[in-house]
Amino acid sequence: MVVLLRLMLQIARADFYNPLSQAVVKATNPLLLPLRKVIPGIMGIDFASIVLALLLAMVLAQTIVWFKGFGFLNPLLLLAWSAVMVLASLASLLFWALIIMIIASFIAPQSYHPALLLIRQLLHPLMGPIQRLIPPMGGLDFSPLVVIIGLQIISNFLIPEFAQQLGMPRWVFLGY
């Protein structure tokens with residue numbers, strides 16, 4: 001999740017000097033910096049972060065399979081399963097960030113807390129286009145509702161369908 005959070009913060013161009021951003025950077029640098037020497041970023045997308053997230057998901061999936069009493073998985077199947085796990089984790093991370101933002105908008109609407117600022121910056125690339133299509137009406141912003149519905153469709157229908165097509169058992173990853 002921390003690697004995905006770093007990738008999302010880079011895509012959103014979030015404030016690098018935010019204390020939480022610094023914590024994410026410090027937590028991921030030991031694994032990410034060696035990969036960046038081999039895997040370049042292209043068009044603002046940090047492919048080293050994507051590869052690291054997939055590698056960590058592959059290790060997790062293979063470990064779960066071992067604990068269930070099975071042997072080694074086919075590497076291509078393991079890669080496909082890890083892609084499903086990364087997508088499910090990304091959807092879950094975005095969903096919970098959105099829930100936190102919604103709750104915070106009622107409790108402290110104009111808060112400058114570093115965590116809330118970071119969440120707003122993180123969600124802006126996702127919510128900005130929807131806010132242009134559906135502007136706030138009467139002081140109410142309906143774009144989070146649209147995003148939540150979209151994330152729920154992805155989490156509850158698309159990701160489980162991908163997992164089923166790949167033959168991925170439910171016990172490999174509980175997030176879908």
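These are my notebook entries on a predicted model of a protein chain.

**Ground rules.** I number residues from 1 along each chain as its sequence is written, and I leave out hydrogens and water, using heavy atoms for side-chain values.

**Whole chain.** I looked up the elements and found six helices and zero strands, where helices are DSSP runs of H or I with at least four residues and strands are runs of E with at least two, numbered from the N terminus. Along its principal axes the C-alpha trace spans about 55 × 35 × 30 Å. Of the 176 residues, 37% are buried; buried means under 20% relative accessible area, exposed over 50% and partly exposed in between, with a 1.4 Å probe and protein chains only. I also looked up contacts (heavy atoms within 4.5 Å), and among those between residues at least 6 apart in sequence, 60% join residues at least 24 apart.

**Helices α1 and α3.** How do α1 and α3 lie to each other? Helix α1 (residues 2-12) packs against helix α3 (residues 47-67) at an angle of about 160°, with the axes 9 Å apart; these axes are lines fitted to C-alpha atoms over the stretch in contact, and angles run from 0 to 180 degrees between N-to-C directions. The two helices are therefore roughly antiparallel, a term that I use for angles over 145 degrees. From α1 the contact uses V3, L4, L7 and Q10, and from α3 it uses S49, I50, L52, A53 and L56.

**Helix α6.** I followed α6 through residues 143-165 and noted 23 residues reaching 32 Å from first C-alpha to last, close to the 33 Å expected, which is 1.5 Å times one less than the number of residues. At I154 the helix bends by about 35°, taken as the angle between axes fitted to the seven residues ending there and the seven starting there. Its buried residues include V147, I148, L151, S155 and I159, and the buried residues of α6 pack against α4 (75-107) and α5 (114-133). Just after α6, I noted that G167 takes a positive phi of about 75°.

**G69.** Is G69 buried or exposed? I found G69 in the loop between α3 and α4, and G69 is exposed, with a relative accessible area of 64%. From G69 to A83 I noted 14 residues in sequence and 22 Å in space, C-alpha to C-alpha.

Note on methods: Predicted model: local features only at pLDDT ≥ 70, side-chain atom pairs only at ≥ 80, totals over all residues. Parallel < 35°, antiparallel > 145°, perpendicular 65-115°, else oblique.
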